[in-house]
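Here is a short briefing to read alongside the model. Have the sequence and the 3D view open as you go.

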Amino acid sequence: MAVCELTGKKTMSGNNVSFSLHRTKRKFKPNVQKKTFMLDGKKVTMNLSSAAIRTLRKKGIL
């Protein structure tokens, strides 16, 4: 299961809707990537969503 360790984003469910409005179940998975960075002189590896990575870069942590 794809889960961001920082924000807690995880797989959501919803429907595919065809032109005839027939609905079938589908899953929306977050874009989770394994990221390694230095924190207090130690290497830390986390599963982070791309949105969390962008936020950390904006704050200057990555």
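Strand E3 (32–39) and strand E4 (42–49) are among what covers the buried residues of H1. Helices (H or I, at least four residues) and strands (E, at least two) are DSSP runs, numbered from the N terminus. This is a predicted model, in which local features need pLDDT of at least 70 and side-chain atom pairs count only at pLDDT 80 or more, while totals for chains, interfaces and linings use all residues. Residues are numbered from 1 along each chain as its sequence is written, and side-chain values use heavy atoms, with hydrogens and water left out.

**The helix**
- In H1 (residues 50–59), Ala52, Ile53 and Leu56 are the buried residues (buried means under 20% relative accessible area, exposed over 50%, partly exposed in between, with a 1.4 Å probe and protein chains only).
- Viewed down the axis of H1, these buried residues fall within an arc of 100 degrees, so they line one face of the helix; the arc is that of the directions from the helix axis to the C-beta atoms.
- An α-helix has 3.6 residues a turn, so residues three or four places apart point the same way.
- Arg54, Arg57 and Lys58 are exposed on the other side of H1.
- Gly60 follows H1 and has a positive phi, near 90 degrees.

**The core**
- Seven residues form the largest nonpolar core: Cys4, Phe37, Met46, Leu48, Ala52, Ile53 and Leu56 (a set of buried Ala, Val, Leu, Ile, Met, Phe, Trp, Tyr and Cys residues joined through side-chain atoms within 4.5 Å).
- E4 and H1 are the elements that give two or more residues to this core, and H1 supplies the largest share, three residues.
- Leu48 is in contact (heavy atoms within 4.5 Å) with residues including Cys4, Phe37, Ile53 and Leu56, leaving aside neighbours within four places in sequence.

**Ser49**
- Ser49 lies in strand E4 and is buried, with a relative accessible area of 2%.
- Not counting residues up to four places away in sequence, Ser49 touches Cys4, Thr7, Lys9, Asn31 and Val32.

**The whole chain**
- The chain has one helix and four strands, running β-β-β-β-α from the N terminus on.
- Its C-alpha atoms fill a box of roughly 55 × 20 × 15 Å along the principal axes.
- Of the 62 residues in the chain, 16% are buried.
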